[in-house]
Amino acid sequence: MRNLITDVRGVLIGHAHDAAAATGVTAALFERPTVASMAVLGGAPGTRDTALLEPEMTVEHVDALVLSGGSAWGLSAADGVMSWLAGHGRGFPAGGFRIPIVPQAILFDLANGGDKPWARGDGETPYRRLGMEAAAAAGADFALGTAGAGFGATTVNLKGGLGSASARAATGQIVGALVAVNAVGSATIGGGPHFWAAPYEHSAEFGGLGWPAAITPAETALRFKGGTGQNTTIALVATDAVLTKAQAKRMALAAHDGLARSLRPAHAPLDGDIVFAAATGHSGAPSDAFALTELCATAADVLARAVARGVHAATALPFPGAQPAWYDRFGG
């Protein structure tokens, strides 16, 4: 177990970034067409081709899922992932062609100090290229922190980032999470180093500090980053269980509890908080209602841990006024 979403058999992750622009893309590729759904609980999502993930829609499987920075400009990252997949013979057969199925979600990282001339109408965005690079880089091992879709991510008080975690559910199946933490609020309690996700931590994976001895009303007061719309946390949970699209939808909904446990606040009206859920089926065992409940609870826990790991592993961007990293503030 790597404590990464790639502990789920059939899932590969690749990153690409543009350092000058302080933005990036993460591609989750599936080794075979995979059942997937999603749930949006933020009030201002930015997505592509997510309607087909609803349980009543015709397409049953996806080839990849994409998380990206860039706000709406970042939605072209899926073009690059589609091109890479098409070049490798992947996709839904239609009219003599194969169309790769690649839903996507984006986050807002335009105001982090990077140079993004396309956001001023000057030139083409890099996201199609970054999508192709991320797909080509997909593998079992990948970086956390300031990487991929989390490269330019921030929170109200610390640098955000790309996080991942995994666990074996009581059913025996593996569940993993991947998240780009670009929250309107905070992953940490008050002004200290302690993470809201501390009760779910495994093996000191984000410092082993636990919760503080007491949490005061001042530390639970809401704090908000920047202006309106400058946030969104986007995530994927995956399992090797056999799930239907409706069951994957239920797991995506339940996994949002992980965001609520690890970020304060989550699901705000100007967040686009979204969780994808995918089931590769490699364990071979179908899931009844009781097994699904175990998987849902595990998905929420691993997503909470992934959020904290993403912030804990991040490094600060090299721009004036950039948010400090957790290690800059609190050391080892």
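## Ground rules

Because the model is predicted, local features need pLDDT of at least 70 and side-chain atom pairs count only at pLDDT 80 or more, while totals for chains, interfaces and linings use all residues. Residues are numbered from 1 along each chain as its sequence is written, and side-chain values use heavy atoms, leaving out hydrogens and water.

## Nonpolar cores

A nonpolar core is a set of buried Ala, Val, Leu, Ile, Met, Phe, Trp, Tyr and Cys residues joined through side-chain atoms within 4.5 Å; buried means under 20% relative accessible area, with a 1.4 Å probe and protein chains only. The largest core has 41 residues, and Val-237, Met-251 and Leu-303 touch the most other members. Helix H5 (289–313) is among the elements that supply at least two residues each, and H5 gives the most, with 11 residues. Helices here are DSSP runs (H or I, at least four residues), numbered from the N terminus.

A second, separate core of 30 residues includes Leu-4, Phe-30, Ile-234 and Phe-276.

## A closer look at Met-251

Let's visit one core member. Beyond its neighbours within four places in sequence, Met-251 is in contact (heavy atoms within 4.5 Å) with residues including Val-237, Leu-243, Ala-277, Leu-295 and Ala-299.

Lining residues have an atom within 4 Å of a point on a 1 Å grid; a cavity is a set of points where a 1.4 Å probe fits but cannot get out. Lining the largest cavity are Ser-186, Thr-188, Trp-196, Glu-219, Ala-221, Leu-222, Arg-223 and Arg-264.

How values were computed
1 Å grid on protein atoms, 1.4 Å probe; cavity = no way out; pocket = protein on both sides within 12 Å on 5 of 7 lines; lining within 4 Å. Buried < 20%, exposed > 50% of the residue type's maximum accessible area, 1.4 Å probe, protein only.
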